[in-house]
Amino acid sequence: MKKIIVGVTGASGIDYARILVRELYRKDYTVYLIITGPGKIVMEKESGLKLSGNLEDQERQLKNFFEIPLKEDRRFVLLENEDIAASVASGSFKVEAMVVIPCSMATVSSIARGSSQDLLERAADVVIKEGRRLIVVPRETPLSRIHLENLLQLSRVGATVLPAMPAFYHNPGSVEDLVGFVSGRVLEHLGLEHDLYQPWSPERSRVDTESSYNIGILQLTSHLDDTVEGFKEGISIFKKAEFNYDYRNVEGNVPQLAAEAEDLVNRGMDLIFACTTPAAKFAAGAAGGKGIPVVFTPVLDPVKVGLAASWESSENNCTGVSGLVSSEQKLTRFKELYPGLRKLVVVFEGENPNASIELEYVLKAAARMRLTVQTVEVTSIEDLKALAKKKFYAGTGFFVPVSPLVEQNITWLIQQAREQKLPLMAPNEDAVKKGALLGLVAGHYDLGIEAGKMAAEILQGKDPSDIPIGRPEDPDLIINLTTAMHLKLDIPAHLLEQASAIY
Amino acid sequence: MQQKMELLAPVGRWDVLEAVVEAGADAVYLGAKKHNMRMFRSDFNFTEEEIAAAIKYARPRGVKVYITVNNLLFDQEMEDLKPYLKFLGKVKPDALIMQDLGVITVMRELGVTLPLHASVMMNVHNEPAIKLLSEQGVSRVILSRDISLMEAKQLLKNTGMELEYFTHGDMCLCQSGQCYHSGMVFGESSNRGRCMKTCRWAFGLWDREQEAAVALPRGKKYLLAVKDMCMLNFIPELHDSGICSLKIEGRMRTADYLGTVVGIYRRALDRYYEDPLGYAVDARDFKELHDKRVRDFSSMYAFKNPGSLSIGYSGEREPRFFSYAVREKEITQKDIEDQVFSHQVEKEKRAHNPKLAVRVGNIKGMVEAVKGGADCVYIGGESFITSGGSWSSADLYYAMSYGRARGVEVVVTTPRITQGREMEKVRELFFQMETLKPSGVMAANLGTLYLARRLKNVDLYGDYSLNVINRWSVELLKKLGVKQLTLQPEINFRHGSQLMQNSQVPFEVLAHGPLTAMITDHCLHAALGEGFTRTDVCSLSCREKKLSLLDEKAQEHHVEVDEDCRNHIFLANELALLPFLRDFIQSGVASFRLELRTYSPEEIQPLTSLYRKHMDMINNDPKKYHFDLKDWVKLKKLHKAAYGFGGYLKGVKVRTRDL
């Protein structure tokens with residue numbers, strides 16, 4: 001186990017110490033920390049951390065500060081500066097190095113003169129006499145001749161003088177970046193790798209264009225942010241690359257998508273991920289001329305809405321994953337769970353393109369399965385309320401395709417199904433949780449992953465038109481048991497085994 | 001007007017006997033040098049001659065003498081108990097206070113009849129339990145310490161049983177007779193009077209989701225250290241509750257202290273009965289009692305769940321720390337190579353094809369357990385909030401039909417504690433058994449056991465919380481219709497295997513999963529997050545946060561909250577017997593239970609199949625069987641936790657000097 005002493009004095013810049021200790025801990029060092037009295041005052045001023053209580057309490061406070069788990073009881077040790085008899089005051093206690101960060105000019109002077117008045121100074125003295133590595137990080141500016149001579153003295157005895165002088169070539173975007181540079185330099189001098197900043201190299205710009213991509217995300221509503229999480233997961237199979245995301249969310253305001261899409265294109269995105277059909281349309285429109293690839297999901301039928309020429313190839317710069325679960329699969333599941341199903345009452349939102357797309361598929365599947373179908377078009381809540389007054393015969397099942405209006409008011413339908421003891425198949429998990437009998441839905445996260453993988457392929461050189469439109473491979477079966485019981489259903493064992501969620 | 005309440009004082013030595021009788025106790029309780037809970041010091045407790053003398057001394061003075069035979073006893077100790085019981089039959093104390101059901105059987109065997117009081121360690125907290133005990137000849141029940149006076153009144157009304165109540169002194173955080181922490185960690189059982197008081201340890205609070213400490217005010221670190229009970233200010237309320245006897249705690253205390261306490265309660269009772277109308281607490285007496293206090297006072301659960309008000313967070317009034325946090329022993333590769341249990345099995349008595357049972361927290365978990373090869377699944381209460389928190393009728397119904405379809409036994413569990421309306425929930429559950437048709441029902445306390453006996457075509461299982469450690473209590477439970485029992489988790493495996501081999505009822509052992517050290521009505525979420533309890537309308541922070549206690553050795557004790565808001569505090573190490581299955585099978589285990597309520601469905605299937613695989617291999621050829629370390633690595637990867645032995649390796653044993 002590698003041991004290191006970190007001294008903190010009353011020079012300004014407690015954050016240098018914060019990042020250094022955090023990183024040392026993460027790199028499996030055992031850190032022995034000494035803070036001088038002035039160091040504690042500066043710590044309180046700069047970070048608001050007022051050390052109080054006994055040593056144990058202080059250690060807890062500091063663990064929080066350095067992002068060290070509180071249960072850590074070996075690799076972080078706080079020493080009292082007055083405790084001149086502590087282990088580190090002896091040369092026989094082997095440490096790899098000592099860093100004084102930030103280091104005041106008073107401490108530089110004491111170390112340079114070998115005065116050893118307290119534990120920190122003594123420890124530094126021991127490190128020097130044992131020929132071990134000592135790094136001091138002074139911050140003072142300007143420097144007097146006395147300061148310079150003391151620093152020179154330290155340098156002569158082998159200490160590294162590493163002033164807190166941040167550089168700017170790594171394009172720091174924040175104070176954290178500036179601080180990270182200095183702490184990173186200390187780590188380098190200890191022979192440790194880190195990712196606190198990108199080291200300067202002549203090839204830097206070239207390497208960057210190869211490995212860093214700007215990805216625009218065009219989102220219609222936060223409800224679908226699972227897809228974005230999935231997308232990021234999926235794209236991460238492209239290992240050597242780094243992605244900078246530009247996330248735009250219009251929270252349901254469709255017209256605003258146009259401006260956001262335009263802006264993303266103008267900012268030179270390498271690829272746009274568009275979430276939902278309207279987002280995909282605007283993104284495709286804006287990106288088309290510039291040849292920026294667009295990956296979308298969930299879009300029910302990209303062919304019908306004109307995003308792609310065919311399911312096999314878009315023949316343009318778009319591709320993506322459809323959210324449409326096959327109607328055959330859906331109805332098969334419905335019948336498995338509710339074998340008495342003879343007639344389907346399809347409740348859908350009129351004037352919604354998605355609803356009519358799915359409706360078409362459902363009608364075909366129902367015909368093949370010899371189910372009679374009655375369609376109920378809903379354009380307002382009143383239509384749903386009117387429906388509630390109608391009586392349906394046994395053997396009837398309600399089916400809701402993707403239909404935002406119906407989905408938002410699904411409790412009406414759940415209530416009606418419940419009262420008439422009829423089953424309801426819903427297009428989302430939440431509706432099943434609320435009381436619909438079942439759903440077979442594409443998980444948004446999974447759709448996002450598929451889309452992300454496509455994006456990775458495109459960035460690695462594949463043409464979007466060569467990537468066929470994806471479909472939900474393994475949609476999630478969701479069952480509500482309380483509803484099943486209410487309908488006095490038997491549930492075949494295999495359905496319980498295959499269900500991804502049971503309510 | 002109803003009878004006057006009895007003032008019942010503890011006696012550890014002769015001088016105390018004289019002092020408390022002098023101070024006005026109506027009855028005393030004392031124990032012998034053996035078979036008894038408070039045996040920390042050799043100069044305490046009574047020889048047989050002294051017991052006889054104590055009865056002779058007390059009786060003419062109108063003072064009753066109750067003898068504590070209140071330990072859980074191993075077979076060897078039971079044998080040793082017989083002459084002593086015969087002796088007691090001769091000297092005829094006014095009653096025996098007992099904890100172990102086996103004592104009832106032994107007394108019948110010996111033809112000794114004496115009034116029996118059920119110890120607080122029997123954790124009696126509901127009406128059917130009282131009925132069961134009454135049918136077994138128990139004439140008085142010392143109520144569990146978590147019962148309120150209101151509940152006591154109800155219990156009296158419905159059963160007519162004499163009820164005794166702890167009124168003054170030391171208390172436990174854990175439900176009475178249900179604390180296994182000390183036993184599992186130190187081999188010193190709380191349930192055998194040797195508690196090392198782990199609840200008096202200093203703890204930090206840890207947020208498992210955030211992986212960060214929860215900041216507590218400075219000095220607030222004795223998070224489980226309950227205060228002392230004091231009911232002096234509530235004599236009328238006690239009287240109204242119908243409780244017949246006020247018990248003062250402290251058989252290890254001095255004559256001076258107990259004389260004072262008894263005297264103060266005596267004066268209060270006398271004044272109250274003389275003039276109930278004009279009665280008020282005597283402030284000077286209270287002050288004297290308060291000045292002599294050990295810890296700060298609380299009325300504990302007498303009126304309501306006291307929450308944070310019942311805890312002495314600073315620890316400054318703790319009289320003595322019996323133990324400090326110790327590092328729990330982890331299973332090492334060497335332990336596996338050495339097969340540490342192989343020397344513990346004295347004779348081999350292999351059960352035919354032992355079962356693999358899995359306890360799960362939700363229906364998805366159940367499906368996964370069945371896929372993994374479980375023979376039996378336990379479903380139902382008590383379930384933890386983190387794994388769904390409840391089983392609906394529909395869940396139970398479809399779980400049953402699924403089990404039948406897959407040819408797996410499905411046993412419905414009931415919570416360890418079923419107080420008040422929780423018992424109503426059990427009644428409702430049992431009412432639905434007609435439609436559910438489970439293979440069995442697991443009773444975890446005497447009350448649920450009593451009710452479950454009435455169910456038809458359902459096997460009755462007894463959980464470990466019944467604290468069965470000798471064949472006499474097995475015999476009694478068998479008579480009550482129990483088909484399978486569970487080994488109590490704190491006893492040493494050597495004793496466990498002896499018990500199983502002598503038992504007429506097959507035993508299950510806990511084989512895998514987190515082990516509950518304590519179960520308590522004190523909610524840490526409510527107490528520490530908000531400073532009160534659920535009856536003050538907490539904000540349900542248990543639904544968002546997962547808390548653990550961090551002991552001073554930085555070990556993490558998970559805390560789970562169940563559907564009745566009880567907190568379960570676990571050992572830091574989970575149990576894993578996978579590498580040691582052969583020795584357990586050879587010693588006669590009839591069933592292995594994986595406790596996977598806290599596991600995710602994704603973990604359950606592979607874990608169950610690991611156990612399945614090894615059990616099958618052993619069954620096929622125990623001689624050739626060899627445990628492959630690769631599977632240990634696999635198990636540890638599957639579910640990341642520190643794994644230990646529970647009480648099997650270092651747990652509770654008979655000490656020869658106790659015999």
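**Notes on the model**

1. The model is predicted, and the points that follow should be read with that in mind.

2. The interface of chain A and chain B comes first. On the side of chain A, 23 residues are in contact with 22 residues of chain B. The area buried between the two chains is about 1900 Å², and carbon and sulfur atoms give 61% of that area. Lys71(A), Met485(A) and Glu497(A) supply 33% of what chain A buries against chain B, which is more than any other three residues.

3. The rule finds 3 salt bridges between chain A and chain B. Asp57(A) forms a salt bridge with Arg218(B), in which the closest N and O atoms are 3.9 Å apart. As for where chain A touches chain B, at least two residues each are supplied by α3 (55–65), α19 (481–486), α20 (493–498) and β18 (501–502) of chain A. By residue class, this side of chain A divides into 12 nonpolar, 5 polar and 6 charged residues.

4. In chain B, an open sheet of 6 strands has the order β9-β8-β21-β22-β23-β20, with antiparallel pairing. Its edges are β9 (212–213) and β20 (516–520) of chain B; each has a single partner strand, so one side of each is left without a neighbour in the sheet. Within the sheet, strand β22 (residues 556–561) of chain B is joined to strand β23 (residues 567–570) of chain B by 3 bridges, and the two run antiparallel. Here Glu560(B) stands opposite His568(B), a residue of β23(B).

5. Parallel pairing is found around β3 (64–69) of chain B. Strand β2 (residues 27–31) of chain B runs parallel to β3(B) and is joined to β3(B) by 5 bridges. A further 4 bridges join β3(B) to strand β4 (residues 95–98) of chain B, again in parallel. Thr68(B) can be followed through both pairings: Thr68(B) is the bridge partner of Gly31(B), and Ile97(B) in β4(B) is the bridge partner of Thr68(B).

6. Leu73(B) sits in the loop between β3 (64–69) and α3 (75–91) of chain B. Apart from neighbours within four places in sequence, Leu73(B) is in contact with His35(B), Met78(B), Leu81(B), Asp100(B), Val103(B), Arg192(B), Ile469(B) and Asn470(B). By contrast, Glu22(B) is 51 residues from Leu73(B) along the chain, and their C-alpha atoms are separated by 34 Å.

7. Arg359(B) is a charged residue by class, and Arg359(B) lies in strand β13 (residues 355–359) of chain B. Its relative accessibility is 2%, so Arg359(B) counts as buried. With neighbours within four places in sequence left aside, the residues in contact with Arg359(B) include Tyr378(B), Gly381(B), Thr413(B), Leu594(B) and Leu596(B). Charged residues are on the list as well, among them Glu382(B), Asp463(B), Arg593(B), Glu595(B) and Arg597(B).

Technical notes. Residues numbered from 1 in each chain as written. Chains lettered and ligands numbered in written order. Predicted model: local features only at pLDDT ≥ 70, side-chain atom pairs only at ≥ 80, totals over all residues. Heavy atoms only, no water. Buried < 20%, exposed > 50% of the residue type's maximum accessible area, 1.4 Å probe, protein only. Contact = heavy atoms within 4.5 Å. Pairing = 2+ DSSP bridges. Buried area = accessible area lost by both parts, 1.4 Å probe. Salt bridge = Lys/Arg side-chain N within 4 Å of Asp/Glu carboxyl O.
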